[in-house]
Amino acid sequence: MAASIILFIVVIQFGVAYIAGQKGVDVQTRRYMTLGFFGAVVACMVAYDIAMMDPSYYDILGVSPSVDDKTLKRAYKSLSKKLHPDKNPNDPDAQENFILMQEVYDILSTRDLRETYDAYGQEYMINARISPQSKRVDLSYERLLMYHAPFYFISALVAYALTISKKANTARPYAFVMLFGLAIAEWYTKTYHEALPYVPLTIYQQVECLKNIYHYLLQGAIMYANLTYIDLEMQSLFLLSELKKQLDRQEQQLRAHETILRILVQHVVGNKKGGSASSSAAGALPNGEDAKEAGAKLIDDALSNLPAQAKKAALERKRRDDASAAIEKEKAKQGKEHPWSLYIFIGLSLLNYFSK
């Protein structure tokens with residue numbers, strides 16, 4: 001079973017990756033293609049599991065599970081003549097095969113033993129020590145509970161362990177629902193098997209197929225959950241980091257715009273007050289850090305006292321300067337050599353021109 005699941009996972013992963021890589025196909029079509037591919041792979045794997053099953057008692061006698069007692073007896077007589085050790089002296093396994101055939105016929109010809117074998121298979125009969133010589137068959141509630149409980153308990157633990165990660169966590173409810181559905185299907189198959197459509201398998205073989213389908217569906221649900229998983233925490237962190245970067249860039253741009261605006265305002269104020277006012281203001285500034293602070297205070301005062309029209313004109317000039325600078329920057333990217341000195345000269349010239 002483990003080899004079948006590994007093969008199933010590999011085939012599904014390659015198939016899903018191929019379908020996802022198809023360009024020019026819309027999302028809905030890709031979903032239908034994925035579901036169709038998944039169903040086809042599950043059908044092929046179930047057919048493979050049926051082919052790899054051990055031969056049943058009916059296969060040993062060469063009859064179907066729905067055979068009646070008369071046909072079963074005729075098949076046994078015909079096969080006993082064929083497999084008798086006296087007629088196969090050169091076969092070292094003839095005696096063993098003949099004894100096995102007799103045991104198989106004794107079980108299938110006894111009604112209680114045959115029903116027990118059909119429902120639970122050879123493994124259960126061996127573990128329960130049921131043989132053709134058994135006078136009674138123990139099908140008590142405790143015995144059946146001990147037979148079914150380990151599988152469903154271990155399957156629930158495996159489903160929980162496989163869906164413990166964040167990516168596969170969304171598949172956990174589906175896993176437990178499918179496991180509950182498997183229990184209902186097994187009970188219905190064993191209780192009302194006569195009402196079901198005929199299949200050339202015993203009841204326990206049908207149940208084994210249902211269990212295999214459950215494992216395939218579980219792996220498919222986990223793979224689908226991994227493919228469609230969206231980590232909201234990581235996405236939120238990514239969006240927050242991108243927002244922080246944008247805010248940092250905007251802050252840098254605002255600082256740069258503020259610096260340019262201060263320079264433009266200084267030019268406007270200087271042109272309005274005349275050269276004498278600019279000279280007196282510049283001469284009033286002390287040297288060093290105090291000069292920077294005093295200059296900044298002077299520009300702030302001038303900016304606060306600037307009329308609304310002057311502010312608007314200054315902003316328009318700044319926008320034109322930014323547009324010119326952006327055009328020059330784009331041209332610089334297209335060239336191999338970047339004459340930065342020329343760009344700086346042009347920018348300063350434009351700034352000086354628009355500040356008049």
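**Entry 1: a tyrosine pair.** I began with Y188, which counts as partly exposed because its relative accessibility is 38%. Y192 comes out at 39%, so I noted Y192 as partly exposed too. I kept in mind that this is a predicted model. The rings of Y188 and Y192 form a tilted aromatic pair, with 5.1 Å from centre to centre and 40 degrees between the planes.

Entry 2: How many aromatic pairs does a search of the whole structure find? I got seven. One of them joins Y57 and Y117, and this pair is stacked, at 4.2 Å centre to centre with 5 degrees between the planes. Y57 sits in helix α3 and Y117 in helix α6, 60 residues apart, so I wrote down that the pair links distant parts of the chain. Are Y57 and Y117 buried or exposed? Both are buried. I also found that Y57 and Y117 belong to one aromatic cluster with Y58 and Y204. On another ring, that of F151, I saw K211 lying over the face, 4.2 Å from the ring centre.

**Entry 3: salt bridges.** My search of the whole structure gave four salt bridges. In one of them, the side chains of R114 and D69 meet at 3.7 Å, N to O. R114 belongs to helix α6 and D69 to helix α4, so this pair ties together parts that are 45 residues apart in sequence. I checked both partners: R114 counts as buried because its relative accessibility is 12%, whereas D69 counts as exposed at 55%.

Next I looked at R111 and E115, whose side chains meet in a salt bridge at 3.4 Å, N to O. Both lie in helix α6, four residues apart, about one turn of the helix. Why can such neighbours meet? An α-helix has 3.6 residues a turn, so residues three or four places apart point the same way.

**Entry 4: helix α8.** I tested the length of α8, residues 172–191. At 1.5 Å a residue, its 20 residues should span 28 Å, and the end C-alpha atoms are 29 Å apart, which agrees. Which residues of α8 are buried? I listed R172, A175, L179, L182, E186, T189 and K190. Down the axis of α8, the buried residues fall within an arc of 105 degrees, so they line one face of the helix. The face turned away from that buried side carries the exposed residues Y174, V177 and F180.

How values were computed: Residues are numbered from 1 along each chain as its sequence is written. This is a predicted model: local features need pLDDT of at least 70, side-chain atom pairs count only at pLDDT 80 or more; totals for chains, interfaces and linings use all residues. Side-chain values use heavy atoms; hydrogens and water are left out. Helices (H or I, at least four residues) and strands (E, at least two) are DSSP runs, numbered from the N terminus. The expected span of a helix is 1.5 Å times one less than its number of residues. Buried means under 20% relative accessible area, exposed over 50%, partly exposed in between (1.4 Å probe, protein chains only). The arc is that of the directions from the helix axis to the C-beta atoms. Rings of Phe, Tyr and Trp (its six-membered ring) pair if their centres lie within 6.5 Å; planes under 30 degrees apart count as stacked, over 60 as edge-to-face and the rest as tilted. A charge sits over a ring if NZ of Lys or CZ of Arg is within 6 Å of the ring centre and within 35 degrees of the ring normal.
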